[in-house]
Amino acid sequence: MDATRSGTRRMLRRLVMGLAAFCTLTTAQDSYDAVYNDIGSLPCVRLLNATGAIGCQSLNAASGVLYRTDTLADIQHFASDHDLKNKYTVVMPYWLLTSSNVETLRSTDKLSAIIAVVNGTDAAHTVAARPATINSPDSKCPNCEFGLYANTPNQYQWNPTGTDLLSQQFDFPIYALNTMDDRNIMSYNAVIQAVNINRFKGYSSYPLKSLQFHSFMWAAQDTGTCLRKGWCTPVGGASVWSTPSLNISSSDNKPIVVISAAMDSRSLFHDLTLGVESSITGMVTVLAVAEALSRSSIPLDTMQKHILYTLFTAEAWGFSGSQRFVQDISSPVNCIKPPASGSGCTYPFFSDLDFQHINPANIDIILEAGQVGGITSPAGGSPTLYAHIDNLQPTASAALLTQIVQVGSGALGNTTTPPATNAAVPVQAANGDGTQRGLPPSSAMSFLKARATIPTVVLTDYQKQMSSFTSQDLDDTWDPVNTVNAIQQAASVISKTAWMQAQGVSDATLMTPAQQQAIGSIQVNVQLVQDLLLCLTRNYSCPLIDGYLNVTASPSPPTRLPHYAGTLYSQSQPFSIFAWNFLANVTSVKGVTQNATGVPPPQVTGCSSRSETVQCTSDQFCVGDQCIQTMTRYHDAFGVGLGMAEDNSYFIKDASKPTWTESTWDPVGLRLFDVTSPGSQGGELAAGIVLTIVSIVLVVFGRRFLKKTLKVD
Amino acid sequence: MKFYMLQIYKIIKPVVVCICLSILWVKISMAGSDYRPTQSSYTVYNESATSTVSQNFLGSLANAGIIIGQIVIVTIIIVIMFKRGHIKILIGFFMVVVAMLLGFMGYILLLNLIQVLRIPLDYITMAFALWNFAVAGLISVFWKGPMWLQQVYLTVMSSLMAFSLTGLAEWTTWMLLALLVVWDLIAVLCPFGPLKILVESSRNQNQEVPALLYTVNAVWFMASPPNSILEREYSRSKEGSTVRDSVEESGDLRRDVFNGGHSRSTGREGGTSISSSRHSGLDTPFSTGGRMSGNSSTVALVPTASNQSADHGDIELRERTPSSSSPRSGGSTTSDRDRRSASVRRAQAIEQGSRSRPQDGGDNDGDGDDEDESGGLKLGLGDFVFYSVLIARAAMFDWVTTMCCMVAVLTGMNATIFLLAIYQKALPALPISICFGMLFYFATRFALVPFLAALGPSQVFI
Amino acid sequence: MTLLTFFGCAFTAYGPSLAIFFGFIAPNPQLVILLVSSRAESGLNMVAKHPKSVYNRSGYAFAAGMGFGLMFGIISYITQLVQSTGPGILMCISCPGISLYFVSAITTCILILHHSVWMMISFTGFTMRSYPRILWVIVSHYGASYLTLLNASPTVTLGCVYSIMGNIVLLLASIAIVMVDVRNLQQKLA
């Protein structure tokens, strides 16, 4: 009964305590959230090629006390400060992220991670103003090892101030902070507030704020290893090609005028990659050209030559898009496994085989728009366009160059709608100063590697070296006047030259009066250029794109999307999809089959808004709610050094060609919390051990005492 | 009685170790790995978050019913086979199942560890290590080996089995445990229960089959009694035997086979229960530890359901074998009541698959409290497995439930042992512990954990 | 680094109680059983070494209390202890220099010991029908719990110090009562 008594007593106590507890209950709180603040992150990830890896990763969750450095002096102070006993997460402005600074920090053994603050241009969220001069983190001649001059000695270095940060491998996390949307603004504020608190406490008065990164990358060593183990995917996407000639065929012996640009670029933080100067200006140029040419009074598909627009992706990764395109059109497709239904081929995989209509032997000239934004650092001045030609085959492109300069000089009268109010942007030959530099890194090189004598001109806004915004995370703005003017001029020059070439005219002075009249209809739409710049950088949900893709209907309409190519087949390709729709629209023949009276039948509309009732025929596509016929297609882009096997796995076909892959990563995470000093943690451990030892000693004495005095055991 | 106190210690230790190992495996696998055990294809009902309470109840009842059905059938088959004397077949089968358990569940666990701890390990090393691990386990369990090694392997096997059973959905697990309680009670206590029949037949056959050397017990019990006890019993024993004999015998005997397999490889179907009893006893000297004399242990193996056929590729690793394979070993504590009759062992048969038997406490002899000679308490391996399953399921929720259920299960085990001392016959080991465990789990989960969550950050103590 | 905190807090919270457990209770199996399941006193009396000793009850009370205390300690502290293995901590609101986990560890340690002492007092109280003792248990338990409120109080500076000191004082008072009882028992024997 004593047992029961003690039992009842216990019940009674419990009851009483329960009542007491009720009186003292506080609101329930998730204990995890009380300690940790999970915030959004913009990581730098690991990519691999045939020889090694680049990018950042961390094997264990790295965590460090936040430490702020704003200048080089701060970094040096951090390195030499011996009072800092912990591991630190250094928060620095983006432009301090140079190889030497990173190396300085890493060699202190106090570094656990780096946060690079990539300031937006809004004044509310800036750690410090952007510096006047910045450097490109790319190599001194980007992708030149896969370019046309890879085997020539003394290749011209197009990016001599490049720091080559992008090709380094870091074994600690580097994340970015940016203010491009609400979620990122919250992270930005949280981290900046925390690091300011730490700075205020002098980094010595604990508890301090600390940040932990989860950034585990599964792939290691190089592409061959990680493909074999299944831990990486090729970098790639969907290139787009389009031609107004619906009936183009490889045996029609009609020459082809190629107008091309790159759609993607790269930078350290793939979520921030925009590449306004690096690639967007070129893409906008080609889209404007296509739109301008679509209003030609002489229909494009009746001309002497075909016009082919090509927008390649994955160009920043060894010209993968253009090289694969050239490779695919140059060799016949041996379809081993035909598709279950529809067109294309299951193995080797092609979603359609219409690219076979393009005969590379028919390619007559290539006109490419490279960096044409006139965005320089330091900013200032008005832009000039330069036309580059290959220097290995100097005579091949000479005539074309002359024509370009001729067209650009304004000899053909006013070429913009509305008319340009500023002085026209001058167009000059890049070798006008006597130095033959050859072509800058460009997609055209892929065509020339197959056949070196194709007349080719690449238009850029630089003569001697690429913009220092190349491959920069800060390449996200443009000059509203200079950039628009430069793009207009480039589009105008290219469109008119292409039009003349398609007519078989290679000298403007030799045009017939009818042609001179007709060329006046080729007008570049300035409003379109401005819209495109905005839509492709800041607001993907703009009316222009919404008209094709109905993006505003989604729950959170996208605004700023990165121009990183992504991984093959595993990401949506918003810019490829838009480019396809746009080009399909401007090159299409709407509602074809003219009946006997020559009156075109009304266009079939409603194929997407009322898709249950209105269907397009099998040879038509539904673009912008209309059924159209078009020869606009996608083309897979990934490194030509990689091949796809029948079981859909990838392998290295040729290690000397581009073999870029991206590692599989565990979900990345970033969390903010307090920490105590290592000293106090050691103190807690010591206190615990001392307490336990003391109690053991007391217990031993207690037993002896009890034995003696109470005579029990 | 005092003897029991010491024996309780010896029982608690391996049970606690097995439970801790199971908690460890569960916590590791919950830390985000891909290789968690999954349900077998025998379940007819898949729980989903949107089902109503009654749907969950009936569906999990169906699932658990299927598993129990398999167990019952296998138990009966084992009883029949035992009665007919096809011991070798059973033993051979046990060996295969143990090998599969150690090999494949060990493989899945190792994959879990590698993924969560991010250990870089190549396949060759892993295959080599796993092969050695499995073979050493087979040898130490079925043949000769150091006692401690056998104990370690049995514990690890129990925890592996429990880990595999955590792949069951939640409702199904609780239903299964509840049905097991009922089955255990029926099978051991009712006169027509298969396990009772097993015990009797082993007792009857006792004399005739000295060669049945399989002890199914957790060996350590056998080995553990200190020499003093051994001698004491020895001296009491009317039959003489040398300690050495005992040792050898126990060495040969032990084997606890249990396990059911879930080996994927066998793809099997149904569990088999095997019991073997050992009788050593009568004409042979007691085995060490006294308990032995004639303890029969039965082992029930039940390869359950796993059914993953062997032709599944590696990818199927994820599907683990299901539940139920629990080997249980029969362990049982028995003490010989009647040495003279030599057959007194109380065999505890383990049922197939899941259950284990209860331990019987042997107490024996009626001579008095300190004459237990049979050697200590024996606890079937199946008991270990199901205690661990209950606690592993509690561990999937929160640490507080884990601790509460652990104490509850140990308390239940103590209570059972007391009853054993009082009633002196074979008792089912599961019911009290599982009932306590389930009660505490639900009470803690729905009442205590939210309470503590509210108190925690506000640093108030009650 | 935070494993240091984990072990430090674990030792602080459970060290003394576990030392007592292993020192006094573990060698004696009966007490272990009583610790885990407290209803077996009559059964245990049968098997005690000195079945008729009056000290047995105190021993049982102590073991039962220790069992209760350890369960209390585990349940109320284990969540925080597990959380302390992570890199982040919570600071004690009233003593911003110390982490919450450590303060809770100390409080847990004191309260576990206090529970076993309370159990001993209650046993004596119920056996001898001494209401002051029972009242003391209830009041001091309330007091100890309310003192822990000071841990989290944002207005009382160094509240955690007061709370711990207060709890220690209560613990010593309870121990004093127990020693008085044991002395009485001893005198009865003698």
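Where is the place of E200(B) in chain B? The notes below start there.

1. **E200(B).** This residue belongs to helix α7 of chain B, residues 194-205. Helices (H or I, at least four residues) and strands (E, at least two) are DSSP runs, numbered from the N terminus. E200(B) is partly exposed, at 38% relative accessibility. The classes are buried (under 20% relative accessible area), exposed (over 50%) and partly exposed in between, with a 1.4 Å probe and protein chains only. From E200(B) to S159(B) is 41 residues in sequence and 30 Å in space, C-alpha to C-alpha.

2. **Basis.** This is a predicted model, where local features need pLDDT of at least 70, side-chain atom pairs count only at pLDDT 80 or more, and totals for chains, interfaces and linings use all residues. Residues are numbered from 1 along each chain as its sequence is written, chains are lettered from A and ligands numbered from 1 in the order in which they are written, and side-chain values use heavy atoms, with hydrogens and water left out.

3. **Cis peptides.** Most residues other than glycine have a negative phi, and most peptide bonds are trans. Y206(A) to P207(A) is cis, with omega near 0°. P207(A) sits in the loop between α5 (182-200) and β10 (208-214) of chain A. Y347(A) and P348(A) are also joined by a cis bond, with omega about -5°. P348(A) lies in the loop between α8 (320-330) and β15 (363-369) of chain A.

4. **Positive phi.** N154(A) is not a glycine, yet its phi is about 55°. Its loop runs between β7 (111-117) and β8 (169-170) of chain A. N154(A) is exposed, at 76% relative accessible area. Q221(A), also not a glycine, has a phi of about 70°. Q221(A) is in the loop between β10 and α6 (223-229) of chain A, and is exposed at 57%.

5. **The sheet.** Chain A has an open, mixed sheet of 8 strands, ordered β18-β16-β19-β15-β13-β14-β12-β24. Edge strands β18 (427-429) and β24 (631-638) of chain A each have a single partner, so one side of each lacks a neighbour in the sheet. Pairing requires at least two DSSP bridges between two strands. Neighbouring strands are turned by 20° against each other on average, direction ignored. Axes are lines fitted to C-alpha atoms, for helices over the stretch in contact, and angles run from 0 to 180 degrees between N-to-C directions.

6. In chain A, β13 (256-262) and β14 (306-312) run parallel, joined by 7 bridges. I256(A) has H306(A) as its bridge partner in β14(A). Helix α11 (482-503) of chain A packs on the sheet, touching β13, β14, β15, β16, β18 and β19 of chain A. Contact means heavy atoms within 4.5 Å. The direction of α11 makes about 175° with that of β15(A).
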